[in-house]
Amino acid sequence: MSAIDVLPSDVRPSRPLAFVRDTALLTVRSMRAIPRVPERLLDVTIQPIVFILLFLYVFGAAIHVPGINYKDFMLPGIIGQSLAFGIIGAGVATANDMTEGVIDRFRSLPISRLSIITAQVLGQCCEAALGMSIVVVLGLALGWNPHPSLGQAIELLGLIVLGMGAFAWAGVWLGMIVRSPDAMQGLGFIIVFPLAFMAGTFVPIQEMPLIPRVIAYWDPISALVASVRGLTEGVRSTGSWQLVHPEIAMAAWCLLIVGVCVPLALHRFNQTLAA
């Protein structure tokens, strides 16, 4: 029997409890790697702190947002941006595993293929949650004053969890198709960086020139940022359907990303194991 034959040909585990156990063990394995490579957390810890301090105390004085303090305008945007940047972290971690032989070692283990990918996604969600906590704590320490109701807080939490999962799956798939972690880093910034800045994260979309404004109206990250800002500050955006209904649009974008990226990631992973 070959090493590949040990694994089931189907990505669906035949034993649910074994799948849960394997997923938990592999998730812990992913988290244990952090102390050995702490720099992998830079994108979810140091980077948002730099953005907050830079835009709040360097550029913030030159940016005027009607009807709201710039601090209260920017912090929800940073939360949305941090969620989107989860694509890069998930992609780099996956590319590392794919290029350093980690997946080859998993071939000889009697574990579900799906548990390997699910553990990667859960590990990235844990890292994203850590980064999100740092952003929220720092924002509150600097005077951010969110005032959601209990229902809005629950809705926001649900959307954030959905967003974490969606962007993690997108990053995992991209990490499987690139040739190296460096390539994933570059690809991630090319895709996410301009979309995050055009999403109304730091300046109102209505004040942008025509072309970036039109892009921002239908930017997926715009719905994410508008959702967080609307639920925490009660500030509503206009200009497109998804900005008027950001929570519905954000949920729809996340479900679309999951619906596209999960099958593609599983298919790519099966191809890699069979190679």
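**Rings, core and cysteines**

Student: Which helix do Phe193 and Phe197 both lie in?

Tutor: Both are in helix α9 (residues 181-197), where they sit four residues apart, about one turn of the helix. Helices here are DSSP runs of H or I with at least four residues, strands are E runs with at least two, and numbering starts from the N terminus. This is a predicted model, in which local features need pLDDT of at least 70 and side-chain atom pairs count only at pLDDT 80 or more, while totals for chains, interfaces and linings use all residues. Residues are numbered from 1 along each chain as its sequence is written, and side-chain values use heavy atoms, with hydrogens and water left out.

Student: How many aromatic pairs does a search of the whole structure find?

Tutor: The search finds 14 aromatic pairs, where rings of Phe, Tyr and Trp (its six-membered ring) pair if their centres lie within 6.5 Å, and planes under 30 degrees apart count as stacked, over 60 as edge-to-face and the rest as tilted. Phe55 and Phe59 form a tilted pair, with 5.2 Å centre to centre and 55° between the planes.

Student: OK, new topic: which residues have the most contacts inside the largest nonpolar core?

Tutor: Those are Tyr70, Met74 and Leu83, in a core of 72 residues. The largest share of this core, twelve residues, comes from helix α8 (residues 150-177). A nonpolar core is a set of buried Ala, Val, Leu, Ile, Met, Phe, Trp, Tyr and Cys residues joined through side-chain atoms within 4.5 Å.

Student: And which residues does Met74 touch?

Tutor: Leaving out residues up to four places away in sequence, Met74 touches Ile52, Phe55, Leu56, Thr201 and Phe202, where contact means heavy atoms within 4.5 Å.

Student: How many disulfides are there in the whole structure?

Tutor: The search finds zero disulfides, a disulfide being a pair of cysteine sulfur atoms within 2.5 Å. For Cys126, the nearest cysteine sulfur, that of Cys125, is 7.1 Å away.

Conventions. Buried < 20%, exposed > 50% of the residue type's maximum accessible area, 1.4 Å probe, protein only.
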